[in-house]
Structures are given as C-alpha cells and as structure tokens.
Amino acid sequence: MIVDDLAALEAIYSAPLAPASTVKVVAAITPDYAALIAASPFAVLATAGPEGLDCSPRGDQPGFVRVADPRTLILPDRRGNNRIDSLRNIVRDPRVALLFLIPGSGTTLRVNGRAVISADPDLLASFSVDGHAPRTAIVITVEEIYFQCARAIIRAKLWDPDTRVDPESLPTPGAILAALTAGAVGGARYDADWPERAAKTMW
C-alpha cells in the first residue's frame, strides 16, 4: 500500500511528540550546538536544483565549518572532483541542509537554511591550509538547527570497531570505473596512484 495522503501518513504516526522532539529546534546556533559543530570533522551537504537533489560529503579537521555568528555558518569548498554539483545548485536554489557527524558520538546535528557562494579573497585566505585557500566558501544563513537522537548511530553500530568492513572486500574506485568504461578509465593503476595523487591535491 502506497501512502500518498498526508492525513493517512499522520494516522500511521499518530503518537504525540515528546517535548524533546520539538524544543530542541531553534533558529540560532546556541553555545551547545556550536560545540557540536566545533567537534565535527565530517558533514553531509544537501542541495536542490533543476536537475534534482544532491548530497555531498564534506570533511576536514574538526571545526572546519566556521560559526561566524549565531545565524551564520561558513563552509570552505575544499578540493574535490570539480563537478561542483552542490555549488551549481546553490546558485539556482539557495536551500541547503547539513548533517554533522562526530566520531564516537551518537549525537548528530542537523541544520536547514539558505546559502550563498562567496569568492571574497580575504574570507578565502582565512581558510588557507598549507598555503592553499579554497576557491569559494559556502555562507549559510541558519533557519533551524537541532540535534538528532542516537538511535540511528546505535542501530548501525557506526563507531563499533568490530563492525568495520574490510576495504579489501569492496569494489575499488578503479574497478568500478573500469567496469563502467570497459577498461578505458580506472583500473588497478588508478587505485595504485590514488594515495600519491590525493596527497598532492588534498587542499
């Protein structure tokens, strides 16, 4: 049975919300929420555009997303694959969402807001690492921010060392590319060269 009616959906989830589910949602970055952001080395950025939705992993040293003020976050756009899917979306549709993860913690942090892309030289210079500044930064105006309970992390056993997957058991990027291109792109050489290539292009 497909649920395609809002009333029917709400009937399935008819239990009253606990106060903690609603009072945690605020429109500004509180000191506690700022502490979670400062501890996080990884976030997922969600954007929307005419072609559809996009969800992009973002990672750096803890606190890489800067709290500029209680309503503003700044995310440097570090080097990647140069597809700029998220940036293209933001230019055309400013709505964004962030999901922060903190290794070892079950608490995640969600942010919804609107973003612009800045190429201000002084701002970008302030995010320099090893002399390399990002080409742009994403400036997010926070509309709502709240923590998510730990159930998903606990169910997934995400931080449990005993559940870690052996990378050798998974298809490698080189193997995936080779399979998709009949060997024209990727392959064992792609995988072998990746560590050196990544080290030279990290920032």
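**Note on the predicted model: salt bridges, cysteines and domains**

1. D193 counts as partly exposed, its relative accessible area being 32%. This model is predicted. The partner of D193 is R189, and the salt bridge between them has its closest N and O atoms 3.2 Å apart. Both residues belong to helix α8 (residues 188–200), where they are four residues apart, about one turn of the helix. R189 is exposed, with 56% relative accessible area.

2. As for overall make-up, the chain contains eight helices and seven strands. Its C-alpha trace spans about 55 × 50 × 40 Å along the principal axes. Of the 203 residues in the chain, 29% are buried.

3. The domain assignment divides the chain into domain 1 (18–156) and domain 2 (165–200). Taken over C-alpha atoms, the centres of domain 1 and domain 2 are 29 Å apart.

4. An unreviewed UniProt entry annotates residues 30–149 as "domain: Pyridoxamine 5'-phosphate oxidase N-terminal". In the model, residues 30–149 are 18% helix and 46% strand.

5. E51 is exposed at 63% relative accessibility, and R92 is partly exposed at 42%.

6. R83 and D85 form another salt bridge, in which the closest N and O atoms are 2.7 Å apart. D85 is partly exposed, with a relative accessible area of 27%.

7. Why is the count of disulfides zero? The sulfur of C55 has its closest cysteine sulfur in C149, at 19 Å, so the two are too far apart for a bond. For C149 the closest cysteine sulfur is in turn that of C55, again at 19 Å and too far for a bond. A disulfide would need the two sulfur atoms within 2.5 Å. C55 is exposed, at 55% relative accessible area, whereas C149 is partly exposed, at 32%.

8. Is L9 buried or partly exposed? The relative accessible area of L9 is 38%, which means that this residue counts as partly exposed.

9. L36 is located in helix α3 (residues 31–39). Its relative accessibility of 22% places L36 in the partly exposed class, for which buried would mean under 20%. Along the chain, L36 and S105 are 69 residues apart, and their C-alpha atoms are separated by 9.9 Å.

Key:
Residues are numbered from 1 along each chain as its sequence is written. This is a predicted model: local features need pLDDT of at least 70, side-chain atom pairs count only at pLDDT 80 or more; totals for chains, interfaces and linings use all residues. Side-chain values use heavy atoms; hydrogens and water are left out. Buried means under 20% relative accessible area, exposed over 50%, partly exposed in between (1.4 Å probe, protein chains only). UniProt positions are given in the numbering used here, feature names are shortened, and annotations may be inferred rather than shown by experiment. Helices (H or I, at least four residues) and strands (E, at least two) are DSSP runs, numbered from the N terminus. Domain bounds come from an automatic or database domain assignment. A salt bridge is a side-chain nitrogen of Lys or Arg within 4 Å of a carboxyl oxygen of Asp or Glu.
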